[in-house]
Amino acid sequence: MHEERGTDSFKCPIEGDSETSPLIDVPGELSPTHCVHELFERWVDRQPDAAAVTQGQLSLSYEDLEKRSNQLAHHLRDLGAASDCLITVCLDASVDLVVTLMAILKAGSAYLPIDPAFPPARIEHIVKDSGSRIVVTTSRYAALLGDRCQMIRLDSDRELLVTLPLARLPAVATSQHLAYCMYTSGSTGNPKGVLISHESIVNLLGDWNRRLPVGRHDCFAFWTSYVFDVSVWELLLPLTNGASLAVAPERIRLDPARQLAWAAEAGVSTAYIPPHLARQLPELMSTGNQLPQKLLFGVEPLSTRVLACLPTETRMCNGYGPTETTVYSTLCMEIPRNADGIVPIGRPIADTQVHVLDSDLMPVPIGISGELYIGGVGLARGYLNQPALTAERFIPNPFGEPGSRLYRTGDSVKLLPDGQLLFLGRDDGQVKIRGVRVEIGEIEAVLMTHSAVREAVAIAQGDATTGKRLWAFIVPRPNAAVTVEDLRQWVKDRLPRAYIPASWKILSSVPRTSNGKVDRQVLIETHMTSTKVAATMQASLEATLLTIWAELLGQRDVGIQDDFFDLDGDLQFAIDAIDQIGERLSYHVSLEKFFELRTISRLASFIGTPAGTVASNATPLIAINSAAPCALYVVPGLGLNSNWFFPLARKLSGQVQVLCFEPGAAQIGAHQTSIAAIAADYARSIEERTPTRAVTMAGHSYGGAVAFETARLLQRNGRDVELWLLDSSLVAAVSKVKPLAMEADLQRFSLLRWHRALPSMEGLAARQIRGYVAYKPSGTFGGSVVAVLAEQGLAAGGLLQVKQDALKRWVGEPVKWIDVPGSHFSLLAPENVNHLATAMINEFQMKLESAA
């Protein structure tokens with residue numbers, strides 16, 4: 001028992017049963033004196049040819065990764081990189097990202113990750129606050145990062161990088177130096193940088209390897225955003241133990257079923273299971289999905305219900321730890337599969353101490369809740385440029401050696417009789433939403449900056465089964481006009497997506513306790529009780545639409561104002577949603593109207609209006625991303641549809657709006673087999689929609705011919721047209737392919753369920769082929785033309801000369817040629833589209849600059 005603070009702590013063994021156990025301690029078996037990259041280099045020397053990282057068909061061996069990261073490290077060092085220097089990284093998840101992070105560590109510096117999807121204001125704050133002077137990115141994201149830093153663009157600087165030395169640099173960092181700085185949410189409205197050293201990471205990796213040894217044949221899934229610290233475990237544990245790392249495609253990262261299918265195909269043996277996937281495991285396992293053999297859970301409280309369905313041979317660990325203590329500080333290795341309740345967060349890892357204390361920093365007895373304090377090797381150095389906050393959260397350790405510290409987590413826990421810890425919740429305003437750490441105060445602070453808001457209160461409600469859901473309560477200023485949509489956009493522009501409340505209430509005032517504080521309990525009971533919400537929503541169309549969207553998206557916290565595009569919706573999702581709306585509400589929504597409305601709120605209002613039925617448009621022109629300063633009109637290839645352009649639309653989002661001519665309605669009649677007739681319809685649609693003189697069009701394959709004819713008509717009517725031909729031969733090439741064989745081949749690429757939304761789509765490819773074979777250009781086009789060649793496309797198939805000859809004959813101006821990765825069909829796939837998107841953005845930016 002503790003009689004007073006400052007006495008020697010009673011060290012309880014792992015299976016301790018002491019009545020009062022203020023401290024649980026696992027003595028460290030390791031003395032981590034190496035840097036992380038030095039552990040990687042040991043395996044390079046031992047097995048240079050072994051696979052280190054894979055992404056689709058691309059694979060780097062340990063030697064490949066060593067050489068490429070060494071070259072980039074030399075460049076970083078030439079730019080001034082040194083120990084404890086923060087180097088900003090703004091990249092998509094890729095092999096290049098892995099190379100970059102390893103290179104930064106080899107240069108002796110620390111990496112500072114920024115998600116390209118962050119709002120511009122957040123990116124600007126992080127770059128400015130960190131003082132980072134070197135950025136590694138690509139041309140696509142360079143504009144997001146301002147002009148304060150020296151910029152390395154991996155795409156445009158590649159020719160320079162491959163000329164740099166392959167040898168390792170002399171070491172300048174020690175285990176005490178920084179390895180990374182990650183920004184987490186802050187109650188002031190701005191995120192704060194957490195500084196983590198090599199020593200802390202090596203301790204974490206060594207502890208896992210002692211518990212569940214990593215072998216050379218293990219493969220880890222990398223599917224967590226690298227701005228979250230669990231990515232450190234995903235990335236560095238395999239590469240410091242001779243195993244391999246598989247980079248997951250961006251498109252599957254929020255789709256549980258596709259995540260598991262990809263993991264099985266990639267041979268993943270070990271994976272972190274994020275909350276959105278964990279909650280879906282019972283349903284996924286009942287349909288025959290396979291799991292990796294070793295799983296790490298964490299971030300949010302884990303319900304035992306989700307584990308009962310897992311195979312008995314699956315090794316599971318439940319981890320707990322804030323960013324300030326390096327990924328996780330405790331692990332539960334003995335997870336009960338059949339008990340009811342929440343899985344314990346376990347015991348501390350090596351060289352880590354945990355204390356359960358009351359408000360006076362006194363130990364509490366077993367079974368009594370207290371605040372969790374953590375000490376040991378895993379503690380962060382502190383918060384970047386915030387000494388006061390560091391002193392507040394990292395306090396002197398009253399139970400340890402002089403100079404040792406404890407981190408105050410703000411989490412409420414209790415010690416169980418078997419020596420494990422049980423997480424009870426937050427003591428402050430911090431929550432986890434879809435696995436993302438969110439400061440309630442940060443949401444409130446951002447809302448309070450809106451000129452129409454007098455008071456803002458944010459609350460998170462939910463449990464381990466359903467997940468947390470954010471509510472926002474707003475009191476407007478007198479005579480201020482404010483809408484939920486305005487406020488939601490305000491938050492969206494300044495904070496990551498997880499911070500955006502799912503539900504909103506405009507109030508005249510908020511309830512308060514006798515001492516003047518906001519009475520959150522009254523808000524919960526008055527506005528958020530499950531019976532009240534269920535009764536209110538059950539009678540509305542929104543309730544049914546919420547259910548449909550949640551089922552299709554595989555997530556529960558969908559809000560009625562969530563935009564279809566923000567949820568990474570695609571054509572298949574839209575078709576499935578239209579199916580379900582028709583089945584459950586006996587109402588048909590056209591595909592065009594669905595894309596126009598895009599939120600549950602607007603769809604419900606439309607369906608609930610007696611005059612809501614809308615006839616199908618004769619020429620369906622559908623916006624497949626949000627409004628932007630520039631517009632691009634696109635025409636799909638043979639048998640294809642707008643789904644083909646969704647990856648490009650996402651990459652162009654915010655800068656270029658992509659509007660797709662959806663094949664179907666305009667091509668139903670026999671006369672619409674003619675490309676010239678289709679082009680006339682398309683030209684009329686653009687004329688009606690676009691007031692500006694300048695028009696940019698793009699066509700893929702067969703769509704290139706349609707776009708060419710449309711561009712000719714627009715130019716004849718006085719428009720200034722730029723035309724992008726995406727692996728399109730215009731003429732002749734299709735005659736070299738047997739139509740029936742081509743149509744059969746296309747069935748592998750097209751959506752097979754099109755007839756549900758557009759019954760007339762059946763046989764579309766055959767009609768298009770007939771029109772394509774009969775097509776000859778009506779005349780020449782005198783505008784600007786960019787011809788995009790897929791590396792494994794028409795050129796690889798021996799048709800390059802056919803394409804070049806056609807363009808010379810029918811195009812007046814010189815053609816600009818661009819090579820992009822992929823095949824004729826995959827050049828627009830997510831893994832290949834970056835190059836094309838970057839080229840398009842650059843062209844549009846030049847147009848805007850010249851117009852200005």
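1. The first point concerns Arg122. In this predicted model, the charged end of Arg122 sits over the ring of Phe118, at 5.5 Å from the ring centre. Arg122 is also among the residues in contact with Arg494, once the neighbours of Arg494 within four places in sequence are left aside.

2. Arg494 deserves a point of its own. Its charged end sits over the ring of Trp490, 3.4 Å from the centre of that ring. Arg494 belongs to the loop between helix H13 (484-492) and strand S28 (503-506). Beyond its neighbours within four places in sequence, Arg494 is in contact with Pro119, Arg122 and Val446. The C-alpha atom of Arg494 is separated by 9.8 Å from that of Leu447, a residue 47 places away along the chain. Is Arg494 buried, exposed or partly exposed? Its relative accessibility is 27%, so Arg494 counts as partly exposed, a class that lies between the limits of 20% and 50%.

3. For the chain as a whole, the model has 27 helices and 35 strands. The chain has 852 residues, of which 59% count as buried. Among contacts between residues at least 6 apart in sequence, 70% join residues at least 24 apart.

4. Aromatic rings come next. A pair of such rings is described by two quantities, the distance of the centres and the angle of the planes. The structure holds 12 aromatic pairs.

5. Phe708 and Phe781 form an aromatic pair with 6.2 Å from centre to centre and 70° between the planes, an edge-to-face arrangement. This pair also links distant parts of the chain: Phe708 is in helix H22 (residues 702-716), while Phe781 is in the loop between helix H25 (764-774) and strand S34 (784-792), and the two are 73 residues apart. Phe708 and Phe781 are both buried.

6. Two helices and a ring cluster may be read together. Ring pairs join Trp208, Phe220 and Trp233 into a cluster. Trp208 in H6 and Trp233 in H7 also take part where these helices meet: Ile201, Leu205 and Trp208 face Val232, Trp233, Leu236 and Leu237. How do the two helices pack, and at what angle? Helix H6 (residues 198-211) and helix H7 (residues 230-239) pack at about 70°, with their axes 10 Å apart. Since angles of 65 to 115 degrees count as roughly perpendicular, H6 and H7 are therefore roughly perpendicular to each other.

7. The last point concerns the backbone. Most residues other than glycine have a negative phi. Leu361, which is not a glycine, has a positive phi of about 60°. Leu361 lies in the loop between strand S18 (352-357) and strand S19 (370-376). With a relative accessible area of 18%, under the 20% limit, Leu361 is buried. Asn385 is not a glycine either, and has a positive phi of about 60°. Asn385 is placed in the loop between strand S20 (382-383) and helix H11 (387-393). Its relative accessible area is 51%, over the 50% limit, so Asn385 is exposed.

Terms used
Residues numbered from 1 in each chain as written. Predicted model: local features only at pLDDT ≥ 70, side-chain atom pairs only at ≥ 80, totals over all residues. Heavy atoms only, no water. Helix = DSSP H or I, 4+ residues; strand = E, 2+ residues; numbered from the N terminus. Buried < 20%, exposed > 50% of the residue type's maximum accessible area, 1.4 Å probe, protein only. Contact = heavy atoms within 4.5 Å. Phe/Tyr/Trp six-rings, centres within 6.5 Å; stacked < 30°, edge-to-face > 60°. Lys NZ or Arg CZ within 6 Å of the ring centre and 35° of its normal. Axes fitted to C-alpha atoms, helices over the stretch in contact; angles between N-to-C directions. Parallel < 35°, antiparallel > 145°, perpendicular 65-115°, else oblique.
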